[in-house]
Amino acid sequence: MGILVDTTRCIGCRACEVACGEEHDLLVPDVINDGALEMQRTTSDKQWMVVNKHETEKGDVFVKRQCMHCYQAACATACPTIAMEKTKKGPVIWDGNKCLGCRYCMVSCPFDMPKFEYGSWNPKLQKCTMCFERLEAGQKPACVKACPTDTLIFGTRADNLEIARHRIYSHPDKYVHQIYGEHEVGGTGYIYLSAVPFDQIGFRTDLGNKPYPEYTKEFLYAVPMVLFGVPAFLLGLNALAGSSKSGGEEEFDPDREGGEG
Amino acid sequence: MNTAVTREMGHFFQFLIQEMKPRGPWLTPFNVISVPVILTGLVVLYFRFVYGLGAVTNLSQDFPWGFWLGFDVVTGIALAGGAYVITFVVYVMKVDKYQSIVRVTVLNALLAYIFYAGALLFDLGRPWHAFNPYIGNSFGFSSVMFLICWHFMLYMVAAFVEFSPVIAEWAHWEKARKILKGLTLGTVIFGITLSILHQSGLGALFLMAKPKIHPLWWSEFIPILFFVSSIYAGLAMIIFEGTISHRVFKNLIDPDSHHAFEDIIFGLAKGAAITMFVYYFMKALLFIHGKQWGFLNDGWGYWYLLEVLGFVLVPGFMFAFGFRNRSLNIVKLASVLALLGIVLNRLNVSFISFRWYAEVHYYPSWQEIVVTLMIIFTEIWIFRWIVTRMPVFKPAH
Amino acid sequence: MNSFVYVNIFETKGLEYLLLLCFWVLFIYLVRYLSAPVKKRKDLP
C-alpha cells in the first residue's frame, strides 16, 4: 500500500498536519497563526509530516513531506534489531521495545526522515507510520482522510502508479512527466506528481534508482566467505611458515627461495 | 573438597587485596590531570542519562553521529588494529622477533575494545536494550551494525583468551595457563578473521550514506580502505604506545630488550611504509576512477589533499626513510603523523564531511570531549594497574 | 527523460591501468630500498 500525492491539487491548508498531530499525540500546529508556510521546514521529533510552500514559475506549490516508506528501506536494512521494519502491508514502522537508539537508521535514510528525541532519557525514533494501526483496523491514514482536495490517494502502489500515469497522459501540459518515487531509491510507498521539476520543490534528484540496501549487499555477502576462507588460509600460511624464523635484516636476494623475514 | 576450594579462594582474595595496593606515588602529573577529568566525565554522564543525549552533546537530527561514535568507536577501534597484525606475524607466520611486544599489544587491543565498545553504550539512546542484537529472536541480519555488534563481542572474547595466559601466570594458575596457551593459535586465527570483517565493517556502516558524505571520502570501497589503513594504524600505534611505555615503565623491562625493541620498531616501520604505500595508491585509484580532480579546487579539496598527502604520503615516506637510515626519531614522528592521518580520515568520514553541504556544521561539545578523555584516562589507569602487576613485559613462553 | 546521454562507465579504465603500472614499478623500487643493507650503527660490533 502507498499514497499518491498530487501536488497540483494541494492548497496548503495543512489539515493533514493537524490530523496527524491529533491522531498520534504529537504537535498539533496552529495553522492559522503560526506562519509556518513562510519558511522551509522539515519533520522533527514532534511532527511526522510538514507541508512546505515553494515559490515556482507556475505559482506556489505546496508539498507534503514525510517518511517515503521505501520498498527497500535503508532504515529497515540498517537496523540491527529489526526495530525499524518494512511491514508486508507497506508502511515502515518502529518498535520501541527493540530499539537501541543507535541512530544508524538516521545515518542511512536518503531522505533524512527518522527523527530522534535528543531531549528524552528514553528517546523514540519519530517518523510517519502511515497510520499503521488505522490500516490494521481497515481505515485510511489520518492525513488522507483529512485532505479536502483529494491531493492524497491511498491505495496499492500498482493502482497509484496507474492513476498517476493516467493523469500525466491525460494532462501532459499540467505535469512534469515524472512520478517521483516510481524508480527513486528502488521505489517508494509515497509517490508524487508535480507541475514543476522536482528539484524546485525540495526533492533531492541525485539519490539514484539503486535500492539503498544494495550498497551494503556485496559486503554482507562477503562476510560468510571470509569466515570460511580466511581461517583455513591462515592455517595454511602457518603450516607453510615452517619453524620460527629470527626475522633478522637480510639482503634482498630475488634468487633466494623463501623471501625475506 | 569444599574446604580446599574455599581455602584456595581465600588465598586468591588475599592475593587480590595485596595486588590492589598502589605501587607508586599518588601525586603523579598523570594522576593529577586525569582524576578531575574522570570525575567531571562522570557528572556529564549523569546528565546524559537523566536528561538525554541532547543535554550534553551537539548531536542533532542532521548529525546523528558525532564525536563519541566517530572518535571513540570508529577511530579507537582502527587504532587497536595492532593486535591482529602482530599476532598474525608472531603466531601465524612464526616470526619470533616480535615476541616481546605481543602481550602488551594484545592487552592494549583488549582494553581498547572493552572501553570503546563501552563508549558506544553511552552513545546509544536506549543502552538497556544493548543486549538485543545478541539475544531474542529479532536479529537484523541485513544490518552492518548487527555484524559489528557481534564481531566486537566475539573479538573481545578472543582478545581476552589471547591475553589470559598472562593473567594465569600472574595468579599462579599453571594448569589454566597451559590450557589457555594451547588455545592461542586457534584464537589468533579467529581474532584475525574477525578483525578483517569488523575493521572493514566499520567502513561499511557508511555505505548507505552515499548522498550525505562528500564524494572525496565516500566510495564503495570504504570497507577495504578502512581495513588496509587499520593495518598501518595498528603498527603506528604499537610504535607510539611502545615508545611511551618503554620510557614510563622502564623499571619493568629488562635492559637487554631495549635494543631488541629498536629492531622491532624498525621492522614495524618497514611494514607501515609498505602498507601506507599500497593504501595511498588505492586512494589514487579511487580518485581517478571517480574523476575527482574537479573536487580539488575548494576547501574540501584542500582538506582532502592535506589528509592524503600530508598524513599518508609524507609519513609513509618517513617510515621508509627512517627505516633505511635507522633513525628512531623520524620513525616516531612518522607514527604520530600516520596516527593523526587515521584520526582525520575516520572523523572526516563519520561527521566532518558528512552533510558537508549543511548550513550548520556539527562540532563536539566540551562534554563530549571530557567523556572521551575520561574513557581514555580510565583505560590508561587500568593499563597501568595491569602492567605493574602482571608479566606483560616479559616475553611469552 | 528527453535526451539520451551515453555514459561510458569504463572511461577511466585506461588511466587506472596506467596507475597500476606506476604502482608496480615504484613498489619494486620501494622494496629494494627497504631491503638494501641498512647502515650499521657505530655502537654495535
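Two strands pair if DSSP finds at least two bridges between them. Helices (H or I, at least four residues) and strands (E, at least two) are themselves DSSP runs, numbered from the N terminus. The model here is a predicted one: local features need pLDDT of at least 70, side-chain atom pairs count only at pLDDT 80 or more, and totals for chains, interfaces and linings use all residues. Residues are numbered from 1 along each chain as its sequence is written, while chains are lettered from A and ligands numbered from 1 in the order in which they are written.

**View 1. Strands S1 and S9 of chain A side by side.** Strand S1 (residues 2-6) of chain A pairs with S9(A) in the parallel sense, over four bridges. Look for A:Asp6, whose bridge partner in S9(A) is A:Leu193.

**View 2. S9(A), covered on both faces.** In a regular strand the side chains alternate between the two faces of the sheet. Strand S9 (residues 190-193) of chain A has A:Tyr190 and A:Tyr192 on one side, A:Ile191 and A:Leu193 on the other, and all are buried (20 or more other C-beta atoms within 10 Å of a residue's own, with C-beta atoms placed from the backbone).

**View 3. Where chain A touches chain B.** The contact (C-beta atoms, placed from the backbone, within 7 Å) takes 51 residues from chain A and 47 residues from chain B. On the chain A side, H7(A) gives the largest share, eleven residues.

**View 4. C:Ile28 in helix H1 of chain C.** Helix H1 (residues 13-35) of chain C holds C:Ile28. This residue counts as exposed because it has 11 C-beta neighbours inside 10 Å (the cut-off is 12 or fewer).

Definitions and conventions:
Two residues are in contact if their C-beta atoms, placed from the backbone, lie within 7 Å.
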